[in-house]
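Good morning, and thank you for coming.

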Amino acid sequence: MTRVALLISGGGSNMVALARDMTGDHPGRAKLVLSNVPQAGGLLKASALRIPTAVVDHRDHDGRLPFEAAINAELDSARIDLICLAGFMRILTPEFTHRWAGRILNIHPSLLPKYKGLHTHRRAIEAGDTEHGASVHMVTGDLDDGPVLGQAVLSVRADDTPATLAERVLPLEHRLYPAVLRRFLAGDTTPVTIDARD
Ligand code: GAR
């Protein structure tokens with residue numbers, strides 16, 4: 001059984017989708033939900049799902065390395081094998097990603113390699129893109145980089161705003177991330193594709 005930690009900073013809807021999928025014959029189990037934001041809504045959702053939670057507030061630490069040392073202490077104490085970043089909004093150091101190399105995934109709301117970083121929906125609209133979506137990838141030392149393990153794609157409509165795009169991409173993320181995790185834990189890194197174009 002692969003012991004999975006889900007790292008969040010906010011509402012945790014991707015965390016819930018992953019945790020709900022990890023039951024029955026699934027080879028993984030959600031063993032820890034860790035947030036850097038004490039008020040993150042996802043913490044209550046994790047407790048409702050009876051998953052242990054931890055808060056490591058970046059503001060309590062003097063720099064990234066002590067912050068990440070505190071995260072590693074929580075991960076080690078829960079004997080975590082694999083990390084899924086699920087709306088975790090802190091940039092991780094190469095030291096951290098190196099330690100977890102091959103054992104850390106992320107979901108990002110764009111069709112990578114497009115739009116690394118923030119405001120992805122707005123940037124896709126401003127660029128006049130006709131297609132947009134979300135990607136799950138292995139985490140490396142570079143932000144929103146690393147091999148892509150799956151993408152969900154939809155059509156950008158003429159009247160889309162960043163908010164309407166976000167509203168339509170998020171449910172696709174909830175399908176994509178669990179599908180990728182299942183395939184990854186089966187040892188298959190062939191990219192998952194979800195085509196939700198009009
Ligand atoms: C998701 O859209 C996820 O792709 C994005 O934050 C949202 C979290 O929602 N992640 C990033 O932007 C990471 N750079 P959730 O907390 O409801 O899962």
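Methionine 89 lies in the loop between β4 (82-85) and α4 (94-99); helices (H or I, at least four residues) and strands (E, at least two) are DSSP runs, numbered from the N terminus. Please note that this is a predicted model, in which local features need pLDDT of at least 70 and side-chain atom pairs count only at pLDDT 80 or more, while totals for chains, interfaces and linings use all residues. Residues are numbered from 1 along each chain as its sequence is written, and side-chain values use heavy atoms, with hydrogens and water left out.

Is methionine 89 buried or exposed? Its relative accessibility is 56%, so methionine 89 counts as exposed. Here buried means under 20% relative accessible area, exposed over 50%, and partly exposed in between, with a 1.4 Å probe and protein chains only. Not counting residues up to four places away in sequence, methionine 89 touches Ser9 and Leu118, where contact means heavy atoms within 4.5 Å.

Arginine 90 lies in the loop between β4 and α4 as well. Arginine 90 counts as partly exposed because its relative accessibility is 31%. Leaving aside neighbours within four places in sequence, arginine 90 is in contact with Asn36, His58 and Phe67. The side chains of arginine 90 and histidine 58 are joined by a polar contact of 3.4 Å. A polar contact is a pair of N or O atoms within 3.5 Å; within protein, one must be able to donate a hydrogen and the other to accept it, and residues adjacent in sequence count only if both atoms are side-chain atoms.

Let us turn to the domains. The domain assignment gives domain 1 (1-100) and domain 2 (108-198), with bounds that come from an automatic or database domain assignment. Their centres, taken over C-alpha atoms, are 21 Å apart. Domain 1 brings 19 residues to the contact, and domain 2 brings 14 residues.

Finally, the core. The largest nonpolar core has 36 residues, and those that touch the most other members are Leu6, Met15, Cys84, Leu105, Leu176 and Tyr177. Such a core is a set of buried Ala, Val, Leu, Ile, Met, Phe, Trp, Tyr and Cys residues joined through side-chain atoms within 4.5 Å. Helix α6 (residues 162-185) supplies the largest share of this core, eight residues.
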